[in-house]
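This report walks through selected features of a protein model. Please keep the sequence and the structure in view while reading.

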Amino acid sequence: MSAPTVPIADAPGTAARKRPSAAKPSGAKSRVQHKGAILAFVLPFGALFALFYLVPIGYAIYQSLLVIEREGTFGQATQVFGGLTQYILVFQNGPFWQSIGRVLAFGLVQVPIMLGLALLFALLLDSPLVRGKKFFRLAFFVPYAVPGVIAAIMWGYLYSPNLSPFSAVTENINFLSADLVLWAIANVVTWVFVGYNMLIIYSALLAIPAELYEAARLDGAGQLRIAWSVKIPLIMPAIVLTAIFSIIGTLQLLAEPQVFRSFSSAVTSTFTPNLTVYSTSSIPNFNLAAAFSVVLALATFILSFTFLKFTQRKEGK
Amino acid sequence: MSTLTPTKLARGIRFAEAKAPRAQRESPFARVSAMIVMGVFTLYFLVPIWWLLVAASKNRSQFNSTNPLWFADFSLFENMANLVAYRDGVYLKWMLNSALYAGGGALVGTLIAGMCGYALAKYNFPGRELIFNVVLGGVLVPATALALPLFLIFSQISLTNTFWSVFLPSLVSPFGVYLARIYASASVPDELIEAARLDGAGELRTFFTVSVRMMVPALVTVFLFQFVAIWNNFFLPLIMLRDETLFPVTLGLYAWNSQVNQIPMLRDYVLIGALLSIIPLIIIFLLLQRFWRNGLSAGSVK
């Protein structure tokens, strides 16, 4: 797009030497300036990031490569290197893959609905059609202040056949049954996060300069047309961002189903991948649980990364 | 505090311009349907909280026997007093814990994320892009995937079931670094840093006295979202903590709720406790909303 790109992007190593002044106008020397300050800025976060992100990831991978061996039935248990043994167990573990399938189905339905609603509300708030914007913005956002656990407890009561204020409905439709409980949870997640996503999209809409609408309006485009052809393309990055966070969130589902276990026996201890990790580690079988964690993190990473690349390529066209 | 910033002014102008010609253009049908949609969803979002408020204000016998969406005898404060008194005020302890985990964690976390993002935006040094990419990868790694290995590591050094086992991992916010970097490169002019240098200010002092001020909207945003993330965090405390006096309020209410079938009176405490636990977040969002709305748009525009 814009012609001169950042010098770091081309020919690493040579760039700094050839064009010492291109990188930073003020720096005449090629050595890094303000080394101490940079260190002081980066080190606190860097150290904690290494300790609580990188080390655990490494440790999980290490643990997942171990197996427990016993000498005889009652012998001493020792951890020995087992190669990919745990991963073979992961791939043979039916309930785990069922739980992955379950959250994928959940995501395929819930994420588009949630983001569709968020986009609709954001566009309505940005249009001249709605009055009382401040009130609606706040009312829709309030559920985000409710922690997932609390929201799940609340909706658990709302779904329950005898305690619900909507017992006329819940006596006839059992939202906590094996068939429906996944979608009952989807509703809880949607309820909490629509307003949050709406706000991210809405702030992107506010950042669009008004002149961009003028041309379209002079051409006689209505609100719907402006939304579709002008606004949505411009706020695509915000929508992609919310989609990625939603995908990550979906694969990590834990609090809501864990709470629902006390409302519904249909939610098993392997209902979602993270519940599987938790119940496996409570057995305790840490090595297998670590392998589950690694596979789940990898799957999340790959899925969100692919989605990011895919949407970026589409936008580039 | 109500200064007229350029963006506000622009928005105001845009609104004034837009209003006159559009007024005739939009059909009444479109207006009415838009308002109906917004109205219906307002009910969807607020009725559950309304129900919680009503339910928390009833005593046990009225919970089942009266209209669930309207007040009976208003015993909200009585219920609150009972909740606070129950088991030597363990609920207050949980609220305090949550405030410490979330408030302290988000404060320190925002500071270090802001510093790191600022350095990544404003200095050129080898490994800068590498660091940024690794941190960005960290955004995509779910925090829950880290909970179990953290537990295993912490149990090696006997740090599980302590305040620090929940507090320390909560300090790290890769998304905060991402947001701080974007915001710093967009809103802290190089000339200003240069000027501060010419005045003889050190780099750290420049950051804390000059640059931080321009990054306030981004920092408030980072603070808020980290605060919410820690306040809502469930897996890490669930896996780390056994001692009930260390629980955050979410874990405590979860524990009560799973015992409701054995101890029915806990249900009253769960409901009133749930209601009280969402009030701090609502207040904090309301107080800081003019900051974080600006910060949000910075992150998503990129």
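## A buried glutamine in chain B

B:Gln226 counts as buried, at 5% relative accessibility (buried means under 20% relative accessible area, exposed over 50%, partly exposed in between; 1.4 Å probe, protein chains only). The residue lies in helix α12 of chain B, residues 216–232 (helices are DSSP runs of H or I with at least four residues, strands are runs of E with at least two, and numbering starts from the N terminus).

What is B:Gln226 in contact with, leaving aside its neighbours within four places in sequence? Its partners include B:Gly105, B:Ala106, B:Gly109 and B:Thr110. B:Ser170, B:Leu171, B:Val172 and B:Ser173 are also on the list. Contact means heavy atoms within 4.5 Å.

## Basis of the model

This is a predicted model, in which local features need pLDDT of at least 70, side-chain atom pairs count only at pLDDT 80 or more, and totals for chains, interfaces and linings use all residues. Residues are numbered from 1 along each chain as its sequence is written, chains are lettered from A and ligands numbered from 1 in the order in which they are written, and side-chain values use heavy atoms, with hydrogens and water left out.

## The interface of chains A and B

The size of an interface is often given as the accessible area lost when the parts come together. Here, about 9,500 Å² is buried between chain A and chain B. Carbon and sulfur atoms give 76% of that area. Buried area is the accessible area (1.4 Å probe) that two parts lose on being put together, summed over both. In chain A, the residues that lose the most area to chain B are A:Phe41, A:Phe45 and A:Phe52, together 9% of what that side buries.

By residue count, 102 residues of chain A are in contact with 108 residues of chain B. How many salt bridges does the rule find across the interface of chain A and chain B? The count is 0 (a salt bridge is a side-chain nitrogen of Lys or Arg within 4 Å of a carboxyl oxygen of Asp or Glu). Polar contacts do occur, in 8 residue pairs between the two chains, both residues at pLDDT 80 or more. A polar contact is a pair of N or O atoms within 3.5 Å; within protein, one must be able to donate a hydrogen and the other to accept it, and residues adjacent in sequence count only if both atoms are side-chain atoms. On the side of chain A that touches chain B, α3(A) gives the most, with 18 residues.

## A nonpolar patch across two chains

A:Leu54, A:Ile57, A:Ile61, B:Leu130 and B:Val134 make a nonpolar surface patch of about 410 Å². Patch residues have over 30% relative accessible area and no salt bridge; like charges are joined within 9 Å, nonpolar side chains (Val, Leu, Ile, Met, Phe, Trp, Tyr) within 5 Å. Helix α3 (35–64) of chain A and α6 (128–140) of chain B each supply at least two residues. α3(A) gives the most, with 3 residues. A:Leu54 is found in that chain A helix, α3. A:Leu54 is partly exposed, with a relative accessible area of 42%.

## Backbone features in loops

A cis peptide bond joins A:Ile283 and A:Pro284, with omega about 5°. A:Pro284 is found in the loop between α14 (273–282) and α15 (286–316) of chain A.

B:Arg87 is not a glycine, yet has a positive phi of about 50°. B:Arg87 lies in the loop between α4 (76–85) and α5 (90–122) of chain B.

Conventions: Accessible areas come from the Shrake-Rupley method with a 1.4 Å probe; for residues, only the protein chains shown count as cover.
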